[in-house]
Amino acid sequence: SLNRFEPIIVGHIRPHNTPPEEMLTDPSYCLSYRTGSRVVVDELKKSACAVCKAGESETILCKPMMSSGKQTGVIKFTLDNQKIIANDAINSSFESKVRFLESYLRPYVDLTALTISNINMLNAYKNQALTDALTNLYNRRYITEYLYSLLNIAKRKESPLSVFMIDIDNFKRFNDEYGHKIGDR
């Protein structure tokens, strides 16, 4: 799940265009994220999006990233208007040139969305492998990895390390007598 919205910025960006920290932690500030559609803002257009404010001679193109029918984020492209206008490869209006750039960037957006989705899935599987599904406590595999990490840190720092463990004997009897819900708690 998305817990931090952070636009990926490509191209020249001026410092005044960097959104405040609170906007990066709440996706509802982003019009493209809220609507699930592209947003194009230039220096002349007022934007309903608090994150997208184009500077002088800039156009901002925000594209939602979708993977498996779910939105994984938004990519924010900051485009230089002078370079778009100067592009003689496309003899058409400014809007058509932006649409052409958008179609050119589509594979990048799709690949980035798929990559983020795969990373999220990998993190979820890793979390499942390291925690007990019933109690959400770390399992023996995690404890072993963590202990090796702590041992290495203690060796490097030449400092002592203490480990405290509790083993509850005959826990099955406790579950039988008080019930599994009490035992899990």
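With a relative accessibility of 61%, Lys-172 counts as exposed, where exposed means over 50% relative accessible area, buried under 20% and partly exposed in between, for a 1.4 Å probe and protein chains only. The structure is a predicted model, in which local features need pLDDT of at least 70 and side-chain atom pairs count only at pLDDT 80 or more, while totals for chains, interfaces and linings use all residues. Residues are numbered from 1 along each chain as its sequence is written, and side-chain values use heavy atoms, with hydrogens and water left out.

Lys-172 forms a salt bridge with Asp-176, the closest N and O atoms being 2.8 Å apart; a salt bridge is defined as a side-chain nitrogen of Lys or Arg within 4 Å of a carboxyl oxygen of Asp or Glu. Both residues lie in helix H6, four residues apart, which is about one turn of the helix. Helices (H or I, at least four residues) and strands (E, at least two) are DSSP runs, numbered from the N terminus. In the whole structure, four salt bridges are found. One of them joins the side chains of Arg-38 and Glu-102 at 2.7 Å, N to O. Because Arg-38 lies in the loop between helix H2 (31-35) and strand E2 (39-42), and Glu-102 in helix H4, this pair ties together parts that are 64 residues apart in sequence. Arg-38 is partly exposed at 28% relative accessibility, whereas Glu-102 is buried at 8%. Through salt bridges that share partners, Arg-38, Lys-63 and Glu-102 are joined into one network.

The structure holds five aromatic pairs, a pair being rings of Phe, Tyr or Trp (its six-membered ring) with centres within 6.5 Å, called stacked if the planes are under 30 degrees apart, edge-to-face if over 60 and tilted for the rest. The ring centres of Phe-171 and Phe-174 are 5.4 Å apart and their planes meet at 20°, so the pair is stacked. Phe-171 is partly exposed at 31% relative accessibility, as is Phe-174 at 34%. Elsewhere, Tyr-138, Tyr-142 and Tyr-146 form one aromatic cluster.

In soluble globular proteins, nonpolar side chains tend to be buried together. A nonpolar core is taken here as a set of buried Ala, Val, Leu, Ile, Met, Phe, Trp, Tyr and Cys residues joined through side-chain atoms within 4.5 Å. The largest such core has 10 residues, namely Leu-61, Met-65, Ile-75, Phe-77, Leu-79, Ile-84, Val-98, Leu-105, Val-109 and Ala-113. Strands E3 and E4 and helix H4 (94-130) each supply at least two residues of this core, and H4 gives the most, with four residues. Apart from this core lies another, of nine residues, among them Val-51, Cys-52, Cys-62 and Val-74. Cys-62 is buried at 2% relative accessibility, and Cys-30 is buried at 1%.

Thr-59 is found in strand E3 and counts as buried, at 1% relative accessibility. The side chain of Thr-59 makes a polar contact with the side chain of Asn-81 at 2.5 Å; a polar contact is a pair of N or O atoms within 3.5 Å, of which, within protein, one must be able to donate a hydrogen and the other to accept it, and residues adjacent in sequence count only if both atoms are side-chain atoms.

Most residues other than glycine have a negative phi. Ser-68, however, has a positive phi near 55°; this residue is found in the loop between strand E3 (58-67) and strand E4 (70-80), and is exposed at 71% relative accessibility. Glu-158 has a positive phi near 50°, lies in the loop between helix H5 (140-157) and H6, and is exposed at 73% relative accessibility.
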